[in-house]
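Work through the exercises below with the sequence and the model at hand. Each task is followed by a solution in steps.

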Amino acid sequence: MATSPLQLLHEAFPGRAKQIDQILGFMGKPWAATPPSLLINGNSSLGKTAVLKATLSAMLGGGSDSGSSSTHIQSEQQLQELRRRLPSRYAFLDCVECHTPRLIFEHAIYQLRNPPPSQDKGSIIFPSTHTPTAGMSEKKEATTVSRKRKRMTTSPLDWNRCENVNDFVEWCRKICDTKDELDEFHETHGNHRVVSGSISKHQNETRYLVLDRAERLRDTAPTLISVLMRLQELTGRNICVVLITTIVWEKFRSKTGGYEPIVLNFPQYTKSETVAILRKDLPAEEEEDLDLYMRFVDLVYDVFQRNCKDLNEIRHLVALLFPLYIKPVKEGKIQKHEGLKLHRHIQAYFVEAMDKLYLREISSTEWSDRTLSTASGSLSGGSGSTGGGAGGHVSAAPGGDRALTTALDVQNVFDLPYYTKFILIASFLASYNPPRLDMRYFAKVSSTGSKMTKRSKVAAAKKHGHDSMGSKLRQQLLGPKPFPIERMLAIFYSILDEEVEENVNVHTQIASLVSLRMLQRVTPMDKLDSIKCKCNVSYEMIKTLAKSTRFEIDKYLYDFS
């Protein structure tokens, strides 16, 4: 029994069956009236673009053949060829690429007048899920190749000049009213009375204009959003505009007016839905390790879900860490059922991965070259691991095959300005040093008026290096602490030990570090005073930055090694 396109969509996108049914409910029949506009919003990596693109491709394809079943066809082969050449019933635009109204208008006209890249109706196309990072790069390469082919194979007449809204509205009317080759085929070979009704339906089928990352439209033109919301009214044709965005509709509203769209929200994935999606990432050649893979996926979700809601980031972590997780199993050093030993083996890599969330300091290829091609495994008797014990305890600490970036990688990847390096160093010191010791470490003189010597700083660190029970409380194990911007700036001016140039805007550099996720803001965005941040970089990177600036950071860190 053949599987329907709706069932294929539900299977391809776990957890999105309700949203797919709602989209199809809004679409209705091909010739039925549709809402003028639809807004699809939700956080990033929730499948908004992929679900809508697959739904339109599966249900519309290159266009539908309404009424053809009641028409007497003399040439089935000719009809199939015409179907493959039907104009598209939807245009899918990215507002980052189409960053001006003219680009939006011309690309929309071109896509609505030409067949889509995939003409097979009912097929569902989405990127490969085996390797997320590789899939993204392959998608970019495929897009680039398709653009080059399009430019080479299309004549200048295929691209229609459209510089303003009036021309675009007129073009939309022409596209909706123009008969295509299939209509002429029916008119020639079929019953004229029946065909005339089918032609009317075929011409009046809904066209969809989809704008991905639509929040960019707010900076494109002040009246463009209002025009798009009323495009169905302006043209008098059955056209539906769909906006895909990560923000709410209230941020689109302007004083120029416009219709309110129907809002469809994509909620966050639950644990079961996330696990079902990650299940598709397992390559077919590793199906024998399915149980081990699913246990690893469950472990990764439990460890990272509080700090990371981005599905693509979790998929990236699973793709990079799973080969390390099963490496001792393939080498015969740990059995598949020994979950505790496997957890201890991968725990050190989890700690490093937690510090590198969203930073992408290392590519998948570099990761594989460093981890999987290393001769000595992480469980061998080298300096990076310790094995054995009465209870079979195995502890693994990544050594020569560290999972993530080393200091050399950081030095090569990050080339920060001189003062920005000191700001980042000061932020690290403010995150890991207790505020009560700022006077001892960073003051030019002590409270008694005498200069602080290196010996006195070491003595102060030793004095405060134990908790009330007498045990060592390592500061780096507690993680970075939030700090006020004022305290970090005081440390910055203390360790810099020179005058800051007048043309250097320190606060702009702080904002740049926050956008790079090297600093993480912990206070709400609407709070403008007493802003607090925390440092989001590793100790290895700070050591490299300090070395490049000839700053001895170890002398200023409290209880660090």
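**Exercise 1.** Classify Asp 289 as buried or exposed, and find its salt-bridge partner.

Solution. The model is predicted, and the values here are computed from it. Step one: Asp 289 has a relative accessibility of 8%, and buried means under 20%, so Asp 289 counts as buried. Step two: the side chain of Asp 289 forms a salt bridge with that of Lys 336, at 3.0 Å from N to O. Step three: Lys 336 sits in the loop between α14 (311-330) and α15 (339-355), while Asp 289 sits in the loop between α12 and α13, so the pair links distant parts of the chain, 47 residues apart. Step four: Lys 336 has a relative accessible area of 37% and is partly exposed.

**Exercise 2.** Determine which parts of the chain are tied together by the salt bridge between Asp 298 and Lys 271.

Solution. Step one: the closest N and O atoms of the two residues are 2.8 Å apart. Step two: Asp 298 belongs to helix α13 (residues 290-304) and Lys 271 to helix α12 (residues 271-279), so the bridge ties together parts that are 27 residues apart in sequence. Step three: Asp 298 is partly exposed at 30% relative accessibility, and Lys 271 is partly exposed at 31%.

**Exercise 3.** Describe the lining of the second largest cavity by element and by residue class.

Solution. Step two: α2 (17-27), α3 (48-59) and β4 (239-245) each supply at least two lining residues, with α2 giving the most, 3 residues. Step three: the lining has 10 nonpolar residues, 1 polar residue and no charged ones. Among the lining residues are Ile 23, Phe 26, Thr 34, Leu 52, Tyr 208 and Val 242.

**Exercise 4.** Which element gives the most to the largest nonpolar core, and which residues does Met 488 touch?

Solution. Step one: this core has 40 residues, and those with the most contacts inside it are Leu 424, Phe 428, Met 488, Ile 495 and Ile 553. Step two: the elements that each supply at least two of its residues include α18 (418-432), α21 (485-496) and α22 (506-515). Step three: α18 gives the most, with 10 residues. Step four: leaving aside residues up to four places away in sequence, Met 488 touches Ile 423, Ala 426, Ser 427, Ala 430, Phe 483 and Ile 510. Step five: a second, separate core of 33 residues includes Ala 91, Ala 108, Ile 175 and Ile 247.

Notes. Residues numbered from 1 in each chain as written. Predicted model: local features only at pLDDT ≥ 70, side-chain atom pairs only at ≥ 80, totals over all residues. Heavy atoms only, no water. Core = buried A, V, L, I, M, F, W, Y, C linked by side-chain atoms within 4.5 Å. Buried < 20%, exposed > 50% of the residue type's maximum accessible area, 1.4 Å probe, protein only. Helix = DSSP H or I, 4+ residues; strand = E, 2+ residues; numbered from the N terminus. Contact = heavy atoms within 4.5 Å. 1 Å grid on protein atoms, 1.4 Å probe; cavity = no way out; pocket = protein on both sides within 12 Å on 5 of 7 lines; lining within 4 Å. Nonpolar A, V, L, I, M, F, W, Y, C, P; charged D, E, K, R; others polar. Salt bridge = Lys/Arg side-chain N within 4 Å of Asp/Glu carboxyl O.
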